[in-house]
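Reader: Could you put the model up and take me through it? I would like to begin with the overall fold and then move on to pockets.

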Amino acid sequence: MIKLVFCLKRLPGMTRKQFQTYWRETHAPLVQRHAAVLQIARYVQSHTLSAGAAHLAEARGSSWQDFDGVAELWWESMEAFAAGGGTAEGRAAGKALLEDEARFIDLPNSPIFLVQEIQFVG
């Protein structure tokens with residue numbers, strides 16, 4: 001499986017609650033609508049909890065970033081990932097998603113990367 005991981009920060013001026021509500025109620029249905037054409041096999045939103053996060057990082061000797069959530073999207077393969085955006089319909093879907101993301105995500109401060117998922121438990 002190929003997974004896209006997107007660590008999200010909200011736009012300045014939005015509360016965490018406003019961000020997470022928009023992401024869940026407006027953006028998620030848009031992803032669902034375009035999932036087939038983009039060949040997305042799975043989409044999960046992880047909404048961060050602010051309570052205790054900095055303390056947890058400190059106790060582990062880790063750095064802490066105040067992300068508002070993490071989006072995870074899966075594809076069956078790199079070929080499926082590439083094929084999803086390889087058509088006019090796929091490019092239009094990707095453009096629609098990016099335009100919506102710009103309405104609530106601080107894109108320059110939200111790291112995004114692809115990984116190969118290797119499962120050990122579950």
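Predicted model: local features only at pLDDT ≥ 70, side-chain atom pairs only at ≥ 80, totals over all residues.

Reader: Fine. How many helices and strands does the protein have?

Author: The secondary structure comes to four helices and four strands, and along the sequence they follow the pattern β-α-β-α-β-α-α-β.

Reader: And which order do the strands take in the sheet?

Author: The four strands form an open sheet in the order 2-3-1-4, with antiparallel pairing. Neighbouring strands are turned by 20 degrees against each other on average, if direction is ignored.

Reader: Which strands stand at the edges?

Author: Those are strand 2 (42-47) and strand 4 (112-116); each has a single partner strand, so one side of each is left without a neighbour in the sheet.

Reader: How many bridges are there between strand 1 and strand 3?

Author: Strand 1 and strand 3 pair over seven bridges, in the antiparallel sense. To give you a residue to look for, lysine 3 has tryptophan 74 in strand 3 as its bridge partner.

Reader: Switching to helices, which strands does helix 1 lie across?

Author: Helix 1 lies across strand 1, strand 2 and strand 3, and the angle at which helix 1 runs to strand 2 is about 170 degrees.

Reader: I noticed histidine 34 in helix 1. Is histidine 34 buried or exposed?

Author: Histidine 34 counts as buried, because its relative accessibility is 17% and the cut-off for buried is under 20%. Leaving aside residues up to four places away in sequence, histidine 34 touches Ala93, Ala96 and Leu97.

Reader: What share of the protein is buried overall?

Author: Buried residues make up 34% of the 122 residues. On contacts, if you take those with a separation of 6 or more, residues 24 or more positions apart account for 83% of them.

Reader: Now the pocket, since I may want to look at it in detail. What volume does the largest pocket have?

Author: The volume of the largest pocket is about 450 Å³. Its lining consists of 21 residues, of which Leu4, Leu73, Trp75, Leu97 and Glu101 are the closest to the centre.

Key
Residues numbered from 1 in each chain as written. Heavy atoms only, no water. 1 Å grid on protein atoms, 1.4 Å probe; cavity = no way out; pocket = protein on both sides within 12 Å on 5 of 7 lines; lining within 4 Å. Points joined across faces, edges and corners; volume = space filled by probe spheres on them. Pairing = 2+ DSSP bridges. Helix = DSSP H or I, 4+ residues; strand = E, 2+ residues; numbered from the N terminus. Axes fitted to C-alpha atoms, helices over the stretch in contact; angles between N-to-C directions. Contact = heavy atoms within 4.5 Å. Buried < 20%, exposed > 50% of the residue type's maximum accessible area, 1.4 Å probe, protein only.
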